[in-house]
Amino acid sequence: MYKESSGTQKPLSINGLQGMKKVYLHEKTSKTSIFFSSYLLTYVYFIADLPVIPPNAAWKETACTVAGGRGHGKTLNRLNSPTGLCVDKNQHTLIVDSLNHRMMKFGQGYGDELEAKESIGRYNLGTLYKPYDVTWSTNEKNIIVSDWHNLQILKSSLKNAKLNTEFLNSFGCFGVAVADDGAIYVSNTNLHEVRRYMPGDTEGKVVAGGNGQGPRLKQLNHPTYICIGKNRSIYISDSFNDRVVRWDEDAEAGVVVAGGHGKGRRLDQLDNPTGIVVDSLSTVYVGDFYNGRVMRWRQGAKKGEIIAGDKHLMGNGSEKLNGPEGIAVDQDNNLYVADSNNHRVQQFEIK
């Protein structure tokens, strides 16, 4: 600890630490996170799967491309309108290559197809047709994919890289998230609702929206990406309402946590919000599609902050984004963005 803190902290005992190659001051899988400063030791309790991002975290203005970036195409080094993404425990980036109708895995300088069969122009179970989102289940160590046009949720173990139908969703599916207990949450852009599917359940239960299309707090309007927060709360990109809402468990209405002031470029506005990450402090990170940026909204804040993308214009430079969709953070809190209209995935390194 003395070495890792550059001499600013000295424990009473160092038994058991000297033989370790590297000391981590907090673990994302722990129930307790410890933030250190020169003056204060604070214990923060959080849900195991929520990332621990320091409140003053900042990311480099320019990004490096970790997938795609060579124009749209079907080869393993190209993408075509990537949408959802996540980063697994082995630091592999799992990407929904939506208009190529396939799932991709990138890491260590390579790209692999998890499933690349096409079913263009027809519905065809067992293949992918315009999938939209993917999530990583840490408990079951597999991935879950929302196959939008085929109206199905797929599951795969990375060991065999084969996607199998978990259940059919005749109501439709877009965003997907998984809770610690194995419950799968699915957003429906057609019925303007989010359903929860417990293991073995194929019908699901409406847990957000379901009151018709509209702007009221008990309604949603084209919900897309979703994320699970503390105490089984659900964070939803209520895209056509240009806001992010949180629905607590068993709530009859949502609470606006980002946007909600009409469509626009002001810091208190969003324009078609997309991918979401929620951290252990309930800070919301969200893709702002038509503004070409990623925003951070602290809990209770009246306006957000731009953490990635240009403040004024969209583009294809290393500091710009064009149509950001899914976002994710890795174990080191580097930020990944599916830069959809640039057909690439960008990594913004944490400072």
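Modeller: Let's start with an open sheet of four strands, ordered S8-S9-S10-S11 and paired antiparallel. Strands here are DSSP runs of E with at least two residues, helices are runs of H or I with at least four residues, and both are numbered from the N terminus. Two strands count as paired if DSSP finds at least two bridges between them. S8 and S11 are the edge strands, each pairing on one side only. From one strand to the next, the twist averages 25 degrees. Such angles are taken between N-to-C directions and run from 0 to 180 degrees, with axes as lines fitted to C-alpha atoms, for helices over the stretch in contact.

A word on what you are looking at: this is a predicted model, in which local features need pLDDT of at least 70 and side-chain atom pairs count only at pLDDT 80 or more, while totals for chains, interfaces and linings use all residues. Residues are numbered from 1 along each chain as its sequence is written, and side-chain values use heavy atoms, with hydrogens and water left out.

S8 and strand S9 (residues 142-147) run antiparallel and are joined by six bridges.

Next, the rings. There are six aromatic pairs in the structure. One of them is formed by Tyr 132 and Phe 174, which are stacked at 4.2 Å centre to centre with 25 degrees between the planes. For the cut-offs, rings of Phe, Tyr and Trp (its six-membered ring) pair if their centres lie within 6.5 Å; planes under 30 degrees apart count as stacked, over 60 as edge-to-face and the rest as tilted. Tyr 132 belongs to strand S8 (residues 131-137), whereas Phe 174 lies in the loop between strand S11 (164-168) and strand S12 (176-178), so this pair links distant parts of the chain, 42 residues apart. Tyr 132 and Phe 174 are both buried, a word used for residues under 20% relative accessible area, with exposed meaning over 50% and partly exposed anything in between (1.4 Å probe, protein chains only).

Ring pairs join Tyr 132, Trp 148, Phe 174 and Tyr 225 into a cluster. Elsewhere, Arg 195 sits over the face of Phe 171, 4.0 Å from the ring centre; a charge sits over a ring if NZ of Lys or CZ of Arg is within 6 Å of the ring centre and within 35 degrees of the ring normal.

For comparison, look at another open sheet, also of four strands, with the order S16-S17-S18-S19 and antiparallel pairing. Its edge strands are strand S16 (223-228) and strand S19 (255-259), each of which pairs on one side only. Neighbouring strands in this sheet are turned by 25 degrees against each other on average, direction ignored. Strand S18 (residues 243-247) and S19 run antiparallel and are joined by four bridges; in S19, Val 255 is the bridge partner of Arg 246. The loop between S18 and S19 holds Asp 250. Asp 250 has a positive phi of about 65 degrees although it is not a glycine. Most residues other than glycine have a negative phi. Asp 250 counts as exposed because its relative accessibility is 65%.

Finally, step back to see where the sheet sits. The protein has 26 strands and zero helices. Of its 351 residues, 53% are buried. Among contacts with a separation of 6 or more, 44% come from residues 24 or more positions apart, where contact means heavy atoms within 4.5 Å.
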